Amino acid sequence: PISCQLEIQIIRLGILSVREKKNRVAMSDLGFAFSLRPTSGLTASTSWRWWNSQTQTQTSHLVQIHVPQVRRHEARFCMVASASEGSSSKREKKDKDAAIAEKSGAQSILKDTVEVSVLNGIEKISPDDWDALVGSYGSPFMLHDWIRCLEKSGCATGNTGWQPYHIVVRESREEVGDSVPPRILAACPVYVKNHSQGEFVFDQQWADVAYRAGIAYFPKLLVGVPFTPASGQRIITAAFLSKEDRASLVQLVGHSLKEVARSLNCSSIHVNFCEEDEVELLSSINYVHRVGVQYHFKNENFNSFDDYLGKFRSKKRIKIKRERKSVYEDSAITIKVLSGDEIP
């Protein structure tokens with residue numbers, strides 16, 4: 001079948017029904033618009049049905065379109081890739097990765113043999129090795145201790161719908177020999193999800209559309225940190241690598257994620273809250289942008305809470321103080337800050 005991607009935009013409330021059969025898409029209700037985005041240079045035959053709920057009538061249309069090139073838009077927070085591509089042999093995949101590296105001007109790190117492994121828990125890799133990839137300026141939420149606490153506490157486990165499936169890329173022993181331990185080149189936190197909770201990316205509409213179309217949206221593959229909507233590198237690489245080497249490894253991990261998704265029958269891959277270089281590199285291997293918006297609080301030189309309240313009018317200040325009083329005094333709730341060995 002023709003490989004295509006659907007971009008659906010809601011323009012008013014309505015009911016959407018999508019059905020995939022012989023490269024055709026059936027849609028109902030004028031409350032939705034869609035665009036078909038085939039891969040470059042392909043012609044797609046598309047049919048759809050408009051249902052007018054007021055007149056109780058429907059009209060069918062069949063259109064053949066050709067898209068020579070799809071313009072990509074800049075985005076940041078989230079990326080999705082279909083996991084329904086055909087499988088290929090390991091040799092074909094290696095040749096494809098090498099071609100991508102050569103085209104992008106990357107160094108020959110992919111021409112050397114590397115080993116990609118999957119870990120069913122962050123404890124399977126040492127904290128020093130993982131944190132060395134995060135680096136001194138990396139996100140603290142990507143540190144080994146943070147992820148380990150989420151998994152060991154039972155918050156992010158298979159029982160709660162967060163099955164760890166972390167990817168690690170190492171040098172091959174064939175390259176370094178048995179006397180020297182292979183260095184870790186790249187890694188990323190991956191989870192097999194059977195729900196969308198704890199991601200802070202609201203894709204329930206996508207799941208609903210898939211359900212109506214008879215498509216199994218779950219399980220899906222998530223690259224991100226559980227319960228942590230903070231942007232940062234999601235595919236972490238060794239500090240000694242060049243920029244070109246990192247680019248090659250990010251693309252290699254991107255292809256590996258597709259292989260994992262196919263083997264687990266996952267519907268899609270979601271890379272949440274990633275960095276801009278990852279957006280560009282993953283887009284080059286057919287990942288699709290999905291844009292999200294966050295609202296951030298910025299401290300405008302507030303030295304105390306009263307300084308913060310000074311930004312509001314008197315009526316709002318009184319209301320905020322009354323609400324805080326109902327929590328701290330009227331409800332007799334106390335808050336203590338513990339650190340280090342003070343924590344029981």
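## An enclosed space

In this predicted model, the count comes to one cavity of 30 Å³ or more. A cavity is a set of points, on a 1 Å grid over the protein atoms alone, where a 1.4 Å probe fits but cannot get out. The largest cavity has a volume of about 50 Å³, volume being the space filled by probe spheres set on the points.

Which residues line the largest cavity? Among them are W162, E199, R234 and F273; a lining residue has an atom within 4 Å of a point. The lining divides into five nonpolar, four polar and two charged residues. Here Ala, Val, Leu, Ile, Met, Phe, Trp, Tyr, Cys and Pro count as nonpolar, Asp, Glu, Lys and Arg as charged, and the others, Gly among them, as polar.

## Cysteines and a serine

How many disulfides does a search of the whole structure find? The search finds zero, a disulfide being a pair of cysteine sulfur atoms within 2.5 Å.

C188 counts as buried because its relative accessibility is 0%; buried means under 20% relative accessible area, with a 1.4 Å probe and protein chains only. C266 is also buried, at 5%. S248 is buried too, at 0%, and sits in helix α6, residues 243-263.

## Confidence

The average pLDDT, the predictor's confidence in each residue from 0 to 100, is 75, and 67% of the residues score at least 70. Over residues 1-50 the pLDDT is below 50.

Residues are numbered from 1 along each chain as its sequence is written. Local features need pLDDT of at least 70, and side-chain values use heavy atoms.

Methods:
Predicted model: local features only at pLDDT ≥ 70, side-chain atom pairs only at ≥ 80, totals over all residues. Buried < 20%, exposed > 50% of the residue type's maximum accessible area, 1.4 Å probe, protein only. Helix = DSSP H or I, 4+ residues; strand = E, 2+ residues; numbered from the N terminus. Contact = heavy atoms within 4.5 Å. 1 Å grid on protein atoms, 1.4 Å probe; cavity = no way out; pocket = protein on both sides within 12 Å on 5 of 7 lines; lining within 4 Å.
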